[in-house]
Amino acid sequence: MTAVLRWTGLGKLVSCYRYIYFNGPRTTLALGMVLVLGVGAIHLYLLVTDQALARGVASPAYLDVYFTLLFASALLAALSMATGRRPGWALGSLASAATIMMYVVSRVWGLPDLPLLVRWWDYPLGTFVLALAAMFLGLHFSVMTGLNVAYPDRRDWHD
Amino acid sequence: MTQLDFPAWLRVTHWVNVLFITLLIRSGMEIVATHPKFYWRDQCKPGTEWARFTRKTMPKDKLYDTLDEEESYSSIISLPGHKKLGMGRHWHFFSVLGWILTGLVYFILLFATGQWHRYIPYSWSIFPTAWNDLLTYLSFNLPPLLPGQPLDAIQKLTYAFVLFFLAPFQILTGTAQSPAIEARFPWYVRLWGGRQSARNLHLFGLLIFIGFIAVHLVMVASWGWGQLNALMIFGEVRDRGWAIALSFVIIAAIVAVHWAATVLSLKRPRTVQRALGAVVMGARKLLLRPLVSRQDYSTAELSPEHRVNGKPPDSDGYKVMAVHNFADWRLEVGGLVEHPMTFTLEDLRALCAKQTQRVLHNCVQGWTSIGEWSGLPMRDMVEFVKPLPQARYVCFLTMQDTGRDDPSAEGEGQFYEVIDLTVARQSHTLLAYEMNGEPLPIKHGAPLRLRVENQVGFKMAKWIERIEFISGYSDIGAGMGGWREDNVFYDKNVEI
């Protein structure tokens, strides 16, 4: 297998992320904050408008609690990131992962008292928040692997 | 209105475009590999990059040059891969000529046949429609096509953006990286925020192109691979099965061309150098050769640390001369001239008034620095020694033995470069003995180096010891017009 990977060049291709390094700490931080705040803002919007459900369907209390928690976590994550605290990124990833998991579970198996959500994929705002959450997770992963660096950390390139 | 169908010219140019654009992307990656670092300022100060695409870290405790920073990319992403900048450049410039010609044919026929209606919007209502289309895609559904047209609103806007903005943008930012264009039109480079900014924008354009291609393929698959390929191959939908099969045959043929180009470039680089170089040479001579430098950067813009490529001669003779401030150094000028001469450094200083130029230095690798160079205009030297009528080129022989002095370089032997006599007579061609108001530093070519401001850096031979006026260069080295041309297959004329 190793020989095949080496001979075809695929091994090098798979490990290509190790060739990529960005030096934009403030840009990375700003992008992370925009993404996580976007996730939070959409959950606040859903909380206020009940738009996540079909017209006339009452929102269960636990869903309101979930939306509130999500919004609060995202806001806290953004504030924490802005002040240079690493747990902010972890909290943002937690909120993003919860967003993706809850959305997928609701569409595949449904939620208590909300069977109407099953297979309801044609919901643009849902797709959009999924994309934002996935991008935040990707960005955080890139920071953890060293591909990106987030403020207040800096690159120390001497060459 | 013209029926917006799929005429033969549109189908042919589409597939030819696929070939050229993929060749451009891969050869562009090879060019990136040679200096895989991106800066916002033209000084390219080490450590100030906003991105680097390399795993290499340079040592802190010994001298390194930019050749050491070169990265080896896999042939899967770069053409041909494995640190072959010369080949990458040949393919890039050859492909760009083919791409531009294809684009010209496409644009002319697009407007001549009325097919431009498929791309150019003529109602503001397309924007709300495109927004609705976007929401429809986010719902994992397909939006309706515009009435009587082959595209939906967001597709129409995207194609208009790619055709009328992104493609010209890539050509313009690529052009801004030509030393000849930069030398003759410094304002044009400033328009893009500087040479390195233009390089960055060119990279962003590439990434947008890659993104467009990815989304385009997803769209084709979503709307119907068979149906859309039938339209793009046969011009009509008759047999989707055949269309699917043929689409993969065409893709396989394009992959085969890439494979052949890669193998040929790695195994027969000289053949590729001669064949593609001959095609590109004509365009260079016609469009870029006449451009003469009008640069005059301010002293405030001088690079605090001018980068360097190539290492100084590591011989006792050179070191002894350096210790004595090159008092024992002699420049021999001979060959096909009426008055062969030998000069000391003092002779060169006294020969005529010193010429000073503050210019942007373009390394073939992509980095730049700004320096002030002073010395003897080469045209004065030409007038002094009076070339014979059969002299057509000037060969600069240096004290650098590449195998001994520069282990990072591929090849060995005395470093030399050949320029055309017409280039030697251009006003910006200088025999420089000073840099930034001081005697030329050793790492920049002391005691004497060449400056040719409409060419990339490797032509500007450093540590010169002899100048020969010659009628041809086929008998020198491997006969390609310079050490780098012989050993790493660069082009002889490098105005881009």
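**Notes on the model**

1. An open sheet of three strands runs in the order β1(A)-β2(B)-β1(B), with antiparallel pairing. At its edges stand β1 of chain A and β1 (37-38) of chain B, each with a single partner strand, so one side of each is left without a neighbour in the sheet. Strands are DSSP runs of E of at least two residues, helices are runs of H or I of at least four residues, and both are numbered from the N terminus. Two strands are taken to pair if DSSP finds at least two bridges between them.

2. As to the basis of these notes, this is a predicted model, in which local features need pLDDT of at least 70 and side-chain atom pairs count only at pLDDT 80 or more, while totals for chains, interfaces and linings use all residues. Residues are numbered from 1 along each chain as its sequence is written, chains are lettered from A and ligands numbered from 1 in the order in which they are written, and side-chain values use heavy atoms, with hydrogens and water left out.

3. Which residues face each other where the chains share this sheet? Strand β1 (residues 21-22) of chain A pairs with β2(B) in the antiparallel sense over two bridges. Phe22(A) has Ala51(B) as its bridge partner, and Tyr21(A) stands opposite Arg52(B). Strands of a sheet pair through backbone hydrogen bonds, either parallel or antiparallel.

4. The contact (heavy atoms within 4.5 Å) draws 27 residues from chain B and 19 residues from chain A. Between them the two chains bury about 2100 Å², 60% of it on carbon and sulfur atoms. Buried area here is the accessible area (1.4 Å probe) that two parts lose on being put together, summed over both. Of the area that chain B buries against chain A, 28% comes from Arg52(B), Arg55(B) and Leu138(B), more than from any other three residues. Both β2 (51-52) and α3 (126-138) of chain B supply at least two residues of the side that touches chain A.

5. By class, that side of chain B has 13 nonpolar, seven polar and seven charged residues. In this scheme Ala, Val, Leu, Ile, Met, Phe, Trp, Tyr, Cys and Pro count as nonpolar, Asp, Glu, Lys and Arg as charged, and the others, Gly among them, as polar.

6. How many salt bridges join chain B and chain A? The count is zero, where a salt bridge is a side-chain nitrogen of Lys or Arg within 4 Å of a carboxyl oxygen of Asp or Glu. Over all chains, the same rule gives 28 salt bridges. One of them joins the side chains of Arg89(B) and Asp491(B) (3.4 Å, N to O). This pair links distant parts of the chain, 402 residues apart: Arg89(B) is in helix α2 (residues 85-112) and Asp491(B) in the segment after α15 (483-487).

7. Chain B also has an open sheet of five strands, in the order β4-β3-β12-β7-β8, with mixed pairing. Because β4 (341-343) and β8 (414-420) stand at the edges with a single partner strand each, one side of each is left without a neighbour in the sheet. Strand β3 (residues 331-335) pairs with β4(B) in the antiparallel sense over three bridges, and Val333(B) stands opposite Met341(B).

8. Some backbone geometry deserves a check. Most residues other than glycine have a negative phi, and most peptide bonds are trans. A cis peptide bond joins Tyr151(A) and Pro152(A), with omega about 15°; Pro152(A) is in the segment after α6 (124-145) of chain A. The bond from Leu79(B) to Pro80(B) is also cis, with omega near 0°, and Pro80(B) lies in the loop between β2 and α2 of chain B. Arg119(A), although not a glycine, has a positive phi of about 65°.
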